[in-house]
Amino acid sequence: MKITMIGTGYVGLVSGTCFAHWGNDVICVDKNAAKIAGLNQGILPIYEPELDGLVSKYHQAGRLSFTCDLAAAVKDADIVFIAVGTPARAGHGDADLSFVYMAAKEIAPHLAEGAVVVVKSTVPVGTGDAVDKIIGSVRRRGSYSVASNPEFLREGAAIPDFLKPDRVVIGVEDMHAQTVLMQLYRDVFAPHDVPVVVTRRRTSELIKYAANAFLATKITFMNELADLCELAGSDISDLALGIGLDRRIGSCFLNAGPGYGGSCFPKDTLALLRTAQDYGVALRVVEETVTANEARKRKMALKVLDAVGGDVDGLTIAVLGLTFKPDTDDMREAPSVPLIETLQRFGATIRAFDPVGMPNAAQMLDDVALIDDPYECARNADAVVIVTEWDCIRRLDLTRLRKRMNAPVLVDLRNAVSQESAEAAGFRITMIGKPTRNHKETQPVLQGRGARGRLHTGNDEKAGTAGRSRL
Ligand code: UGA
């Protein structure tokens with residue numbers, strides 16, 4: 001099939017590349033000439049594992065091209081995807097749809113007869129109707145279709161998420177669009193049993209927001225329970241294991257941390273609330289999720305204060321991990337930013353390390369020494385704070401780290417390292433959702449491998465073995 005992708009952001013570039021991987025001819029269009037020139041030379045505007053190899057492979061094979069010439073890119077396309085950004089409108093919280101509408105207006109005169117225009121950007125309910133209206137003002141009704149096909153890929157895992165999704169959602173208002181989109185996805189997904197949900201356009205649009213809001217709520221639920229665990233003498237990791245094995249709950253997205261960030265959950269939860277307001281519906285659970293997450297990000301600085309004895313004034317704090325999650329260079333809504341700003345306001349000097357995110361971090365953070373080695377970053381620090389669970393941070397040699405520091409204080413906001421190894425290295429460690437020292441002192445000492453959230457099977461017990469851990 002001939003596919004045109006409008007927008008070469010995360011969704012556009014990854015989807016376009018994966019469609020080429022499946023054998024389609026793909027043209028990616030962007031107004032940013034520098035970005036297109038870079039892509040034509042194999043320079044990617046984002047960091048995403050595996051993406052550069054696939055882009056250069058299919059670019060060289062002639063199946064994936066990049067251009068600013070929208071008219072030429074659209075004229076022969078069977079499917080035109082709109083994958084432009086829908087940022088939150090400043091001070092409003094609702095999605096700014098101007099790029100989507102502009103794209104619809106610009107492609108309309110050039111569409112081939114029978115072309116299917118598919119909105120892949122995350123857009124509020126009714127956007128497809130508006131796009132339909134814009135195109136319908138210059139094209140004969142019935143000569144084109146408008147569909148919705150939201151994207152569920154995660155940054156950092158975008159390629160595997162796109163190639164093997166849990167499901168595909170298609171929102172259509174006519175049989176032609178359904179047939180074309182099923183043709184696009186059926187052959188690649190049928191052998192892998194990937195379900196395709198076909199629904200009306202307005203439902204498809206809402207599915208995307210509902211999914212993100214649900215996941216944001218799931219994380220926030222665990223974050224609040226982590227606070228309870230700390231005071232009640234319980235362990236959030238074991239709790240996650242214990243509830244996650246219930247298939248109705250599921251074990252994914254139960255990791256408590258410093259609060260969710262990124263370009264999607266914060267923006268999409270707010271946009272969903274705006275939509276609900278427009279329809280006079282109260283989404284109280286989502287409202288609470290948004291409020292609790294914002295408060296949590298700010299509260300993380302207090303954890304650091306507690307760990308160093310109440311005052312960071314004049315202290316040097318080393319922050320390890322800056323991006324909103326690992327395997328991305330994205331700093332949008334990263335919990336590291338409010339944490340660092342708050343610690344600075346309290347008088348701390350900040351040194352920071354991130355394996356990939358430092359160029360972007362440099363644009364957002366003032367007065368932070370960015371150091372490209374985690375051990376050097378910790379040199380003479382009074383505390384180390386782990387904010388993003390990059391693999392290289394999980395695997396740090398904690399004894400080596402400790403030796404460079406002024407004081408043995410480690411605050412691990414992602415439970416990225418093991419408490420035992422941190423303590424063996426001489427650290428006083430503060431984690432998320434773990435019993436506080438008071439509780440540890442008053443609790444009986446648990447003996448045996450089974451005492452720490454190990455998963456035993458019936459057979460293990462019968463055989464009298466200690467069981468295998470899935471932690
Ligand atoms: C999210 C969704 O997961 C994707 O399905 C969706 O397509 C995407 O938004 C989007 O709308 O474009 P993404 O923002 O890339 O993907 O990253 P996630 O892996 O979902 O993480 C979001 C935030 O939640 C991060 O700050 C992460 O650290 C945090 N998180 C995630 C937790 O704190 N705990 C968890 O268990 C999982």
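Select helix 12 and centre the view on Lys297, where the helix has a kink of about 30° (the bend at a residue is the angle between axes fitted to the seven residues ending there and the seven starting there). Helices (H or I, at least four residues) and strands (E, at least two) are DSSP runs, numbered from the N terminus. The model is predicted, so local features need pLDDT of at least 70 and side-chain atom pairs pLDDT 80 or more, while totals for chains, interfaces and linings use all residues. Residues are numbered from 1 along each chain as its sequence is written, and side-chain values use heavy atoms, without hydrogens and water.

Next, display the whole of helix 12, residues 284-307. Just after this helix, select Gly309, which takes a positive phi of about 100°.

Continue to residues 318-419, where UniProt, in an unreviewed entry, places the feature "domain: UDP-glucose/GDP-mannose dehydrogenase C-terminal". Over this range the chain is 31% helix and 19% strand, with its end C-alpha atoms 19 Å apart.

Now select strand 13, residues 409-412. Val409 and Val411 point one way, Leu410 and Asp412 the other way, and all are buried (under 20% relative accessible area, with a 1.4 Å probe and protein chains only). In a regular strand the side chains alternate between the two faces of the sheet.

Arg428 in strand 14 is the bridge partner of Val409.

Methods. Expected span 1.5 Å × (residues − 1). UniProt positions renumbered as here; feature names shortened; annotations may be inferred. Buried < 20%, exposed > 50% of the residue type's maximum accessible area, 1.4 Å probe, protein only. Pairing = 2+ DSSP bridges.
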